[in-house]
Amino acid sequence: MAYWLFKSEPSTWSWDDQVAKGEDGEEWDGVRNYQARNFMREMKIGDLGFFYHSQKEKSIVGIVEVIAEAHPDSTTDDPRWDCVDIKAVQPVKTPVSLEMVKQTPELAEMALLKMSRLSVQPVRETEWALICQMAGVAAH
């Protein structure tokens, strides 16, 4: 299993929007960055990810699961762009802010800090476990 982080502006697509989609989940569409697209092409059904609210909140607020592997993004006719489908698994008990990540030495190499503008990014297993602990949830 691999771990990921999905960033979204809550004013565009929030954790509550994701939860409302239920078991059917939703396409993680609209990504127009080659590196983020390539990460989605690596994803497998059952992979888990953090749902991150960007902009003002800048916090990990939930856990999602990949429920469909990379396929053409339905929001464009351009064949270069793919997306995956994700569903909400659970909210975190304690949101993990960007500041908390920055203040944790074990997370200094995390993609969230190194590739801060990337909307889809990998999370190492050790980072996943530590952030789950910080968030008060089981690491699955």
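Okay, before anything else, one term: a polar contact here is a pair of N or O atoms within 3.5 Å, and within protein one of them must be able to donate a hydrogen and the other to accept it. Keep that in mind for later. Also, what you see above is a predicted model.

Now walk along the pairs. β2, residues 26–27, runs antiparallel to β5, residues 82–97, with 2 bridges joining them. There, Glu-27 has Asp-85 as its bridge partner. On to β4, residues 59–72: this strand is also antiparallel to β5, and 10 bridges join the two. Look for Glu-65 opposite Lys-87. Over at β6, we get 4 bridges to β1, residues 3–8, antiparallel again, and Leu-5 stands opposite Gln-121.

Buried or exposed? His-53 counts as buried, because its relative accessible area is 8% and the cut-off for buried is under 20%. So who's around it? Setting aside neighbours within four places in sequence, His-53 touches Ser-8, Pro-10, Ser-14, Trp-15, Lys-58, Ser-59 and Val-61. And here's that polar contact: a polar atom of the His-53 side chain lies 2.9 Å from the backbone nitrogen of Trp-15. That's my tour, thanks!

Key:
Residues numbered from 1 in each chain as written. Predicted model: local features only at pLDDT ≥ 70, side-chain atom pairs only at ≥ 80, totals over all residues. Heavy atoms only, no water. Pairing = 2+ DSSP bridges. Buried < 20%, exposed > 50% of the residue type's maximum accessible area, 1.4 Å probe, protein only. Contact = heavy atoms within 4.5 Å.
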